[in-house]
Amino acid sequence: MNAPTTSHYPAAPTAQKAETHTLSVLVDNEPGVLARVIGLFAGRGYNIESLTVSETEHRQHLSLITIVTTGTPMVIEQIKNQLDRLVPVHKVSDLTEEGAHLERELALVKVRGTGNKRVESLRIADIFRARVVDSTIESFVFEMTGSSGKLNVFINLMQPLGLVEVSRTGVVAIARGPEAL
């Protein structure tokens with residue numbers, strides 16, 4: 001009688017699933033800082049899905065870089081550690097991990113259309129609370145803010161109605177609660 005065979009090899013590690021994370025990076029507001037941050041991503045083959053940067057503390061010459069990136073938990077940890085080691089970086093916060101936070105994006109969406117398509121695009125814009133910021137006889141430019149997902153749905157609905165062009169700002173984010181970054 002043969003005994004059942006068992007493997008003496010450890011189980012193969014399960015593949016980690018890629019996750020999207022929003023990182024806030026507080027940096028010195030000086031020439032070349034953004035290039036160094038982007039260079040870190042490019043040099044290691046990491047993708048940036050969204051990038052925004054603006055001065056936040058004029059007197060202290062600080063800027064806040066908001067980066068949306070995707071990777072396995074190990075890759076996200078590597079990104080945070082490598083960003084933290086850059087000299088002009090004061091603080092790296094993973095808003096996705098740290099809990100409740102707000103994310104918004106602004107889009108300008110140009111739609112060409114007449115007749116029923118024009119009426120339908122206005123109706124959908126009203127549902128999504130998009131504002132008309134420019135209007136001609138043949139087109140509209142809508143301004144809309146919200147989550148990236150909400151903007152994606154709006155843009156997809158405008159496709160068959162005559163979508164011409166889209167310009168997006170990228171994600172800005174802030175943690176909820178009284179604490180500062």
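A helix axis here is a line fitted to C-alpha atoms over the stretch in contact, and angles run from 0 to 180 degrees between N-to-C directions. Keep that handy, and remember that this is a predicted model.

**Exercise 1.** Work out how helix α1 is placed against helix α2.

*Solution.* 
- Start with the geometry: α1 (residues 33–44) packs on α2 (residues 73–85) at an angle of about 140°, and the axes are 10 Å apart.
- Now the handedness: the crossing of α1 past α2 is right-handed.
- Who touches whom? From α1 you get Val 37, Leu 40, Phe 41 and Arg 44, and from α2 come Ile 79, Gln 82 and Leu 83.
- Sort that α1–α2 contact by class and you have five nonpolar residues, one polar and one charged.

**Exercise 2.** Find out what lines the largest pocket.

*Solution.* 
- First, the space: the largest pocket holds about 470 Å³.
- Next, the lining: it takes 22 residues, and Ile 174, Ala 175, Glu 179, Ala 180 and Leu 181 sit closest to the pocket centre.
- Then trace the lining back to elements. Those giving two or more residues are the strands β1 (19–28), β2 (48–57), β3 (62–71), β4 (89–94) and β9 (172–175), plus helix α3 (95–98).
- Which element gives the most to this lining? β9 does, with three residues.

Definitions and conventions:
Residues are numbered from 1 along each chain as its sequence is written. This is a predicted model: local features need pLDDT of at least 70, side-chain atom pairs count only at pLDDT 80 or more; totals for chains, interfaces and linings use all residues. Side-chain values use heavy atoms; hydrogens and water are left out. On a 1 Å grid over the protein atoms alone, a cavity is a set of points where a 1.4 Å probe fits but cannot get out, and a pocket is an open set with protein on both sides within 12 Å along at least five of seven lines; lining residues have an atom within 4 Å of a point. Grid points are joined across faces, edges and corners, and a volume is the space filled by probe spheres set on the points. Helices (H or I, at least four residues) and strands (E, at least two) are DSSP runs, numbered from the N terminus. A crossing is left-handed if the near helix is turned anticlockwise from the far one by less than a right angle, and right-handed if clockwise. Contact means heavy atoms within 4.5 Å. Ala, Val, Leu, Ile, Met, Phe, Trp, Tyr, Cys and Pro count as nonpolar, Asp, Glu, Lys and Arg as charged, and the others, Gly among them, as polar.
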